[in-house]
Protein chains: 2
Amino acid sequence: MIVNGLESLFTPRAVALIGSVREGKLGYELLRQVLAGGYRPVVAVNPKGQGALGVPGSTSIAASGLPIDLAVIASPANTVATILDECGQTGVKAAVIVSSGFGEMGNKAGEEEIKRVAARHGIRIVGPNCAGIINTANRLCPTLETLPPPGHVAIISQSGALAGVLLGWAKRDGLGISKFVSYGNRADVNEVDLLEYLADDPETRVVCVYIETVSDGRAFMAATGRCAAAKPVIVIKAGRGESGQRATLSHTGSLAGSDAVYDAALRQCGAIRVTSAEEMFDLCRALTGLPRLAGRRVAILTNSGGPSILAADRAEALGLDVAEPGPEIQAQLSEFLPAHAALKNPIDLTVEGTEKGYRETLKALFATPVAKPFDAALAINIAPPYLDSMPIARGIIDATRATGKPIVTSFLPEAVTADAVACLRENEVLNFPTPERAVVALANMARLAEHQASPVLFSQNGVSAAPSRSVLPAGPILEPDAMRWLLANGIPTPVFMVAENEDAASGACCRVGFPAVMKVVSPDILHKSEHGGVVVGIKDEAGAREAFRTIRQNAKGARFHGVVVYPQIRNSQEVLIGLSRDPQFGPVVAFGLGGIYTEVLADVGLRIAPVDHAEACAMIRSIRGYRILAGARGQKPVDLHALADVVARISELPFEYPELAELDLNPVFASPAGAVAGDVRIIRGEPWSSRNVA
Amino acid sequence: MIVNGLESLFTPRAVALIGSVREGKLGYELLRQVLAGGYRPVVAVNPKGQGALGVPGSTSIAASGLPIDLAVIASPANTVATILDECGQTGVKAAVIVSSGFGEMGNKAGEEEIKRVAARHGIRIVGPNCAGIINTANRLCPTLETLPPPGHVAIISQSGALAGVLLGWAKRDGLGISKFVSYGNRADVNEVDLLEYLADDPETRVVCVYIETVSDGRAFMAATGRCAAAKPVIVIKAGRGESGQRATLSHTGSLAGSDAVYDAALRQCGAIRVTSAEEMFDLCRALTGLPRLAGRRVAILTNSGGPSILAADRAEALGLDVAEPGPEIQAQLSEFLPAHAALKNPIDLTVEGTEKGYRETLKALFATPVAKPFDAALAINIAPPYLDSMPIARGIIDATRATGKPIVTSFLPEAVTADAVACLRENEVLNFPTPERAVVALANMARLAEHQASPVLFSQNGVSAAPSRSVLPAGPILEPDAMRWLLANGIPTPVFMVAENEDAASGACCRVGFPAVMKVVSPDILHKSEHGGVVVGIKDEAGAREAFRTIRQNAKGARFHGVVVYPQIRNSQEVLIGLSRDPQFGPVVAFGLGGIYTEVLADVGLRIAPVDHAEACAMIRSIRGYRILAGARGQKPVDLHALADVVARISELPFEYPELAELDLNPVFASPAGAVAGDVRIIRGEPWSSRNVA
């Protein structure tokens with residue numbers, strides 16, 4: 001249990017609003033919002049001791065006579081440090097700094113100064129340059145954004161405006177909010193502090209996070225993981241375009257394009273990533289308004305073809321199962337539905353669909369005992385102007401009460417169905433503006449249920465902030481040394497031998513077996529194939545001698561340390577396993593089929609290292625080309641578990657060898673008999689620790 | 001110019017509403033809508049001669065004394081044939097049959113009967129089981145759906161409900177509609193008739209089409225293509241899920257999963273495919289409310305970070321170019337914007353963005369002379385509750401007028417910006433409910449501009465409804481015969497020779513050159529490799545003799561027609577070219593890299609055959625793996641034009657050989673020197689013509 005001192009921020013005994021409260025000033029707007037929210041006691045502190053809107057004024061915090069825990073500061077940037085100092089002297093414990101004019105405008109020194117003053121007094125700062133906070137439990141609303149109804153969704157946001165949109169919609173649709181924090185420049189309180197606080201906040205049942213960057217990737221994952229274990233965490237990570245999608249994919253380093261890394265990180269810590277405010281808002285409504293989904297089987301009930309077919313298309317595209325009802329359910333339905341109703345899925349009652357039709361169909365869908373029951377239903381009503389939608393709404397409300405199942409609706413057009421939609425809302429049935437939005441919300445609910453059923457929690461077991469101090473082989477690492485190092489660290493390699501002359505090379509080939517492969521060993525030759533330093537398919541002793549002479553000849557002018565000889569690996573599938581360092585998250589492990597699959601088709605699985613065996617399996621299975629490994633085209637499947645062992649083991653290495661910056665095993669030969677590294681490239685860097693990640 | 005007799009449907013001299021007009025009946029609702037629309041003269045025809053809502057009644061059309069061109073029929077199904085007969089006798093030229101109870105309920109005979117009666121009298125039927133029609137030009141609205149304002153968007157829909165949603169939104173947002181037709185069971189008038197009519201309709205500038213199936217794939221393509229050459233055609237094709245995405249992709253036949261074929265067909269005839277009513281509606285607003293986009297460069301102007309970054313992410317994901325403004329524009333902007341404004345893209349004026357800031361920025365974006373000007377702008381305003389958005393709206397309105405450029409807005413939250421949004425609407429500036437929806441509309445506008453700049457029109461040149469009567473080689477087609485047939489039809493093959501004994505085989509290998517490839521020729525051996533019927537890498541005469549004996553031995557028990565010998569093709573890339581028949585569209589041509597790329601990665605280009613050289617090039621370039629052909633990994637690029645020639649020529653063959661059902665060229669060897677067919681499989685079927693496509 002981490003005590004991070006945010007109690008005074010959210011539940012202060014009294015609040016001071018510091019800054020001018022003249023009409024038209026930010027301070028005035030903030031005060032008006034605080035009053036509208038209903039929190040008391042509040043005092044306005046400014047040089048003239050001016051009050052406003054019925055709130056008393058004071059020339060200082062001390063003179064106010066109130067036990068001020070929280071200062072809300074809206075005065076000019078150059079006054080903030082002095083104000084914080086006064087706050088500290090009078091026992092203020094937290095400050096929300098709405099004022100701008102700090103780091104975001106290049107005034108880094110000013111921001112450092114307020115951090116120093118706050119740290120000296122132990123004051124926790126939200127901001128500067130933020131849009132304020134909300135705690136609906138005590139009606140505390142020092143913010144410039146829309147005041148939402150109280151409830152159980154928390155919003156923490158690096159963008160005040162994005163949160164403002166969500167809060168506006170929350171007010172419109174009655175989505176209850178527990179807490180809101182716009183943390184602006186995050187001079188002190190950041191997303192990690194807030195996630196840790198919200199994990200234990202009993203008022204909060206769903207956490208929404210908008211981020212553009214995180215201050216510490218691994219701390220963010222740990223906090224998100226802890227929070228996600230307790231309640232759903234929904235994340236928007238903005239700024240995709242500049243990164244992952246445009247990155248060229250020619251080597252492991254650039255595979256770790258940062259958006260793909262964020263994607264992996266969010267999945268690994270159990271967050272649900274969404275891509276728009278609308279998707280986030282709809283999922284919040286679903287999470288607070290519906291029971292959990294047990295699976296992906298969704299029934300679509302409708303009185304019209306077109307919109308329901310489009311909803312089914314979208315549902316299937318999102319991985320929901322729009323399964324045909326089994327014979328038991330169809331038999332049930334045919335007892336009360338007219339003959340022209342379609343009993344498949346979508347279940348189409350036609351424009352003649354009635355209150356009873358909707359009610360009894362929904363009840364039959366959930367009440368009929370079947371092997372694979374439906375997990376949710378979407379009831380669509382597209383009403384022509386002459387149709388009264390109220391009976392349909394009533395039928396759905398009754399069925400929702402009777403079954404207790406996740407049933408959502410979409411009634412259209414708005415003007416024709418307004419009364420019925422209001423009735424649904426009063427009766428706590430969730431209506432979505434389009435069937436597609438309902439389907440997206442259900443699909444996200446299903447994703448979340450799967451997360452919760454088998455939490456894929458990021459584990460840093462055995463990973464300390466300072467990695468252990470083993471060292472890589474010294475000097476430029478030649479292939480035989482690198483292969484020995486792999487073996488010593490538990491990564492299987494083929495048998496190999498080093499030979500410095502023709503006789504030894506020929507003997508080595510006999511020992512490893514024909515056909516054999518021979519490669520040059522030279523600190524000067526990086527790209528061995530391109531310099532004639534590799535001979536494959538060596539069939540006999542004569543061939544071995546010829547190969548040695550060729551390689552020796554081609555290496556003329558370079559330092560020559562002999563050759564390394566392997567048996568040629570046949571009947572295997574070449575794959576790639578790589579390690580690289582991400583500036584936000586540190587070591588990242590990559591898996592792909594290598595070659596064209598990786599470079600041209602960008603078919604790569606990524607995870608923040610380390611991964612365990614199960615996660616390594618999931619990662620291998622996640623690539624599009626997995627079927628090639630699983631035995632497409634009549635091949636035997638490769639040994640997935642052996643391959644996953646290599647991936648998992650590789651992912652641990654950066655924590656044992658802190659100066660390991662990049663590692664490419666390319667190829668790894670995967671076969672039904674196991675997985676062995678065929679070649680390896682090691683790149684050193686500055687020793688890594690979670691402290692020096694940007 | 002096709003005269004298809006729809007004039008009487010849309011511009012009748014007088015209308016009879018046939019069926020009961022008692023309150024609560026469909027006829028009553030229809031009459032009310034017709035009156036609300038304002039069309040006159042109308043008469044209600046029913047056995048009692050009952051009028052309603054001020055409209056006179058009559059017991060028959062003849063007795064009404066009006067020149068009735070259009071009958072709107074809402075009487076029970078079993079009365080419709082008799083009514084149509086009476087209609088025919090009194091000179092009625094068109095009928096909208098709203099009544100249901102025909103094919104959709106299994107009453108095929110009833111539907112056939114009304115078709116017969118209508119055909120006898122030359123009456124054009126819309127329906128039965130339809131939601132009616134609208135022509136806003138003469139205020140004719142016999143429909144059960146919402147009545148929209150007049151304008152230039154036509155909607156033709158296989159789903160009345162889907163169109164009803166669009167019409168509801170059109171009324172809400174003031175989108176003007178020219179014509180609407182719900183064609184129901186399409187007993188007579190279908191999507192092809194309507195597309196042909198709308199292509200020449202001067203009131204219609206944008207055509208929206210919702211289809212689930214088409215009655216004749218090639219006629220649909222021809223009509224859509226003609227229409228799309230004159231005005232934008234936006235299509236929703238519903239029912240994706242059951243088909244393309246789930247189809248297994250193991251051979252060319254199933255590659256032509258019908259959704260992928262529809263996708264290809266729509267692209268080939270110049271339609272813009274969208275996937276939801278919302279996307280269609282937004283694009284209609286953009287097309288009727290904005291000038292054309294000249295390209296994909298979009299500027300995003302904002303007063304807040306988060307929502308604009310998400311908009312930029314979406315824009316980039318959709319292929320828009322959110323380019324940084326050039327130095328000329330940035331210099332211009334810095335003259336009037338404050339120092340803390342971000343001049344990149346998104347251009348962020350911060351929450352202090354003013355009327356002048358928005359106006360002058362938009363003007364500078366479009367007025368500053370630069371090499372690559374912006375093609376459109378999205379102006380975002382996310383307003384906290386205290387902010388008055390009216391000045392920002394005014395700034396944008398001024399700039400839109402001054403520049404005449406495609407500028408769209410997104411103002412949020414709704415409650416805070418309602419006045420400003422109303423002001424934008426009054427001044428004909430398009431505001432979208434979210435920045436993402438604005439971006440999707442702009443991306444679709446850009447797609448459309450590209451279609452129009454280089455129309456990819458489906459050509460059936462040289463393709464007659466009855467293909468020419470050439471015949472395939474008789475009997476089971478052995479490889480040498482198939483290869484000769486390819487050669488005779490202009491498809492390059494390698495040199496090849498047939499040999500029936502060992503001496504001849506050895507000689508043939510010498511003639512074609514070493515290394516050589518030898519394959520068995522036997523009507524009993526389909527899968528040659530699996531039966532030991534192929535030897536590759538034959539290096540010399542001895543090898544050739546050994547290969548022949550091996551193949552001969554392996555073919556024991558099968559009829560043996562000798563071997564076919566080829567030179568081994570090296571330094572080439574294997575690709576696949578296939579032909580199959582789609583039940584809706586007939587011959588379809590497929591191109592892919594073959595093997596795992598096709599089977600596992602489903603990376604295939606499809607087109608309705610035939611394609612010309614340019615379209616074949618586009619098709620080859622469209623696959624994800626194209627970079628492999630274009631010279632990835634230091635290879636020389638293959639000869640794209642030679643390959644496209646083969647694809648184009650293959651695509652013509654089904655029209656010369658009507659019984660050619662499937663053709664697989666797998667592999668085709670593509671190299672910098674050209675493209676040759678390496679193997680071929682021919683499957684005969686029922687002779688094809690566009691008449692016997694389902």
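**Helices and sheets in chain B**

Reply: Helices α12(B) and α18(B) are roughly perpendicular to each other (65 to 115 degrees; under 35 is roughly parallel, over 145 roughly antiparallel, the rest oblique). This is a predicted model, in which local features need pLDDT of at least 70 and side-chain atom pairs pLDDT 80 or more, while totals for chains, interfaces and linings use all residues. Residues are numbered from 1 along each chain, chains are lettered from A and ligands numbered from 1 in the order written, and side-chain values use heavy atoms, without hydrogens and water.

Me: At what angle do the axes of α12 and α18 of chain B cross?

Reply: Axes are lines fitted to C-alpha atoms, for helices over the stretch in contact, with angles from 0 to 180 degrees between N-to-C directions. Helices (H or I, at least four residues) and strands (E, at least two) are DSSP runs numbered from the N terminus. Here α12 (residues 277-289) and α18 (residues 435-453) of chain B cross at roughly 65°, their axes coming within 9 Å. The crossing is right-handed, that is, the near helix is turned clockwise from the far one by less than a right angle.

Me: Which residues of α12(B) and α18(B) meet?

Reply: Contact means heavy atoms within 4.5 Å. Among the residues that meet are B:Asp282 and B:Leu283 in α12(B), and B:Arg437 and B:Asn444 in α18(B). The contact of α12(B) with α18(B) comprises seven nonpolar, one polar and four charged residues (nonpolar: Ala, Val, Leu, Ile, Met, Phe, Trp, Tyr, Cys, Pro; charged: Asp, Glu, Lys, Arg; polar: the others, Gly among them).

Me: What is the strand order in the open sheet with mixed pairing?

Reply: Strands of a sheet pair through backbone hydrogen bonds, either parallel or antiparallel. Two strands count as paired if DSSP finds at least two bridges between them. In chain B the order of this six-stranded sheet is β7-β9-β8-β10-β11-β12. Strands β7 (132-135) and β12 (272-274) of chain B each have a single partner, so one side of each lacks a neighbour in the sheet. The twist averages 20° from one strand to the next. Five bridges link the parallel strands β10 (residues 206-211) and β11 (residues 233-237) of chain B, and B:Cys208 stands opposite B:Ile234 in β11(B).

Me: Which strands are at the edges of the open sheet with parallel pairing?

Reply: That sheet, ordered β3-β2-β1-β4-β5-β6 in chain B, has β3 (57-58) and β6 (124-126) as its edge strands. In chain B, β1 (residues 15-18) pairs with β2 (residues 42-45) over four bridges.
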